[in-house]
Amino acid sequence: MGARRVTRSGTIAIIYARFGPYHIARLNGAQAVLSPEGWQVFGIEVVPDDRFYAWEKVKGESEVRRIPLLPGRAYTELSRAAIGKAVVEALDAERPDVVVCPGWHYAESLAAARWSRRNRKIAILMSESCRHDSRRQWWREMIKRCRLRLFDAALVGGRVHKAYLVELGMPRERITLGHNVVDNAHFAGRAEYARRHASQVLRQVGLPERFILASGRFVPEKNFSLLLQAYRLYKEQNNAPLPLVICGDGPLRANLHALADALGLSPNIRWPGFVQYKDLPFYYGLAEYFIIPSTIEPWGLVVNEAMASGLPVLVSSRCGCVPDLVQEGVNGFTFDPTDVEHLAALLIRMDKLESELPQLGKVSQQIISQWGPERFAQGLWQAIQAAQRF
């Protein structure tokens with residue numbers, strides 16, 4: 001049974017487990033672009049109070065109606081059946097023409113896609129999976145191929161994500177780009193404010209005058225242990241090494257602090273903890289450049305944030321955003337996240353490029369200007385149009 005072909009206008013439901021600042025920006029962008037075309041966008045939020053990410057609740061920033069399904073609950077304490085039931089009840093009540101689903105694994109996504117199939121509505125897959133972000137097993141790939149048939153089109157992060165869906169069997173012409181975006185204006189504006197009021201902001205957030213920045217959850221795949229080892233090599237070859245600021249929190253916090261102590265790095269490293277959305281651009285704005293050393297990273301939204309803030313970037317080659325966002329030697333460099341010496345050499349190289357870093361940062365902003373909320377909206381609109389043609 002095919003999807004109902006919507007030709008002019010209708011309603012679009014965009015589903016996420018919880019709406020963080022990035023998701024709100026995408027909702028607003030979709031509404032701004034699609035409303036003139038006659039579409040109305042609304043969000044479905046499965047667990048509005050989940051605390052997996054320590055975001056402050058986003059209040060008063062959304063221009064789009066949001067429907068919370070299971071308030072006061074954590075995602076991990078809910079069964080797939082309970083999540084699916086809540087999603088189906090919401091869709092039965094709203095009857096959207098297009099349902100935009102987050103991935104092919106989550107209970108909310110599969111329930112929404114199956115509801116769309118039963119009710120002859122359009123189902124759009126949002127995906128940031130790529131072949132290299134996990135060890136692939138043939139039987140799991142077969143399950144994905146079957147689940148992909150529930151979706152009429154897909155909105156993915158970038159080129160490697162599109163290639164992976166094509167490999168799994170989705171027609172290339174039904175896949176559009178632009179899922180992984182952030183609110184560029186938020187980061188650019190507040191980063192520029194921090195630069196113009198540097199002395200005041202430095203005192204406010206307790207940062208050194210010049211520093212290298214990294215940010216992420218303290219979990220194994222973010223690979224901060226290798227960053228610390230590379231930083232030690234850099235420090236050994238530099239009489240005045242730039243301090244390293246690592247924002248974030250997570251289960252490996254004590255381990256990373258202990259490793260920094262063991263490597264003799266504690267005087268050179270700052271650990272601000274989890275930095276809220278409104279303050280994060282200050283850190284980007286005052287940094288010299290940004291590093292992401294992940295061994296597994298389907299995309300890497302922190303790269304978007306850093307580039308929107310006007311920073312050069314050092315990006316692990318395992319990050320899915322690399323082919324679309326990083327131009328080698330133009331706005332930054334890539335590295336093998338298993339090679340400590342290579343990353344240390346890049347840190348030394350960045351010191352030598354000190355006078356050129358502002359220009360690399362400007363190029364970053366130029367590149368990322370094409371990857372804002374409008375890109376998400378345009379990609380979604382193209383996906384809807386692609387679904388209508390088949």
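# A chat about contacts, strands and rings

Mentor: Leaving out neighbours within four places in sequence, Arg131 is in contact with Arg136, Glu141, Tyr164 and Glu167; please keep in mind throughout that this is a predicted model.

Trainee: Okay, and where is Arg131 found?

Mentor: Arg131 belongs to the loop between β5 and α4, and its relative accessible area of 38% makes it partly exposed.

Trainee: How far is Arg131 from Ala387, going by the C-alpha atoms?

Mentor: Their C-alpha atoms are separated by 24 Å, and along the chain the two residues are 256 residues apart.

Trainee: What about Lys144, is that one buried or exposed?

Mentor: Lys144, which is found in helix α4 (residues 138–148), has a relative accessibility of 11%, and because of that value it counts as buried.

Trainee: Which residues does Lys144 touch?

Mentor: Not counting residues up to four places away in sequence, Lys144 touches Trp104, Arg136, Tyr164 and Leu168.

Trainee: Let me zoom out for a second. How many helices and strands does the chain have?

Mentor: The secondary structure comes to 15 helices and 13 strands. The radius of gyration is 22 Å, close to the 21 Å that the globule rule gives for 390 residues, so the chain is as compact as a globular protein of that length.

Trainee: And what box do the C-alpha atoms fill?

Mentor: Taken along the principal axes, the box is roughly 70 × 45 × 40 Å. Buried residues make up 55% of the 390 residues, and of the contacts with a separation of 6 or more, 72% are between residues 24 or more positions apart.

Trainee: Now strand β11, please. Which way do its residues point?

Mentor: In β11, which covers residues 289–292, Tyr289 and Ile291 point one way while Phe290 and Ile292 point the other way, and all of them are buried.

Trainee: Which strands pair with β11?

Mentor: Strand β8 (residues 212–215) pairs with β11 in the parallel sense over three bridges, with Ile212 having Tyr289 as its bridge partner. Strand β12 (residues 313–316) is also joined to β11 by three bridges, and these two run parallel; here Ile291 stands opposite Leu314.

Trainee: Which arginines lie over a ring face?

Mentor: Arg65 lies over the face of Phe42, at 4.9 Å from the ring centre, and Arg375 lies over the face of Trp371, at 4.0 Å from the ring centre.

Trainee: Last topic, backbone angles. What is phi for Arg95 and for Arg120?

Mentor: Phi of Arg95 is near 55°, a positive value in a residue other than glycine, and Arg120, which is not a glycine either, has a positive phi of about 55°.

Trainee: Where are they placed?

Mentor: Arg95 is in the loop between α2 (80–94) and β4 (98–102), and Arg120 is in the loop between α3 (107–118) and β5 (122–127). Arg95 is partly exposed, with a relative accessible area of 37%, and Arg120 also counts as partly exposed, at 41% relative accessibility.

Conventions:
Residues are numbered from 1 along each chain as its sequence is written. This is a predicted model: local features need pLDDT of at least 70, side-chain atom pairs count only at pLDDT 80 or more; totals for chains, interfaces and linings use all residues. Side-chain values use heavy atoms; hydrogens and water are left out. Buried means under 20% relative accessible area, exposed over 50%, partly exposed in between (1.4 Å probe, protein chains only). Helices (H or I, at least four residues) and strands (E, at least two) are DSSP runs, numbered from the N terminus. Two strands pair if DSSP finds at least two bridges between them. A charge sits over a ring if NZ of Lys or CZ of Arg is within 6 Å of the ring centre and within 35 degrees of the ring normal. Contact means heavy atoms within 4.5 Å. The radius of gyration is taken over C-alpha atoms; the globule rule is 2.2 Å times the number of residues to the power 0.38.
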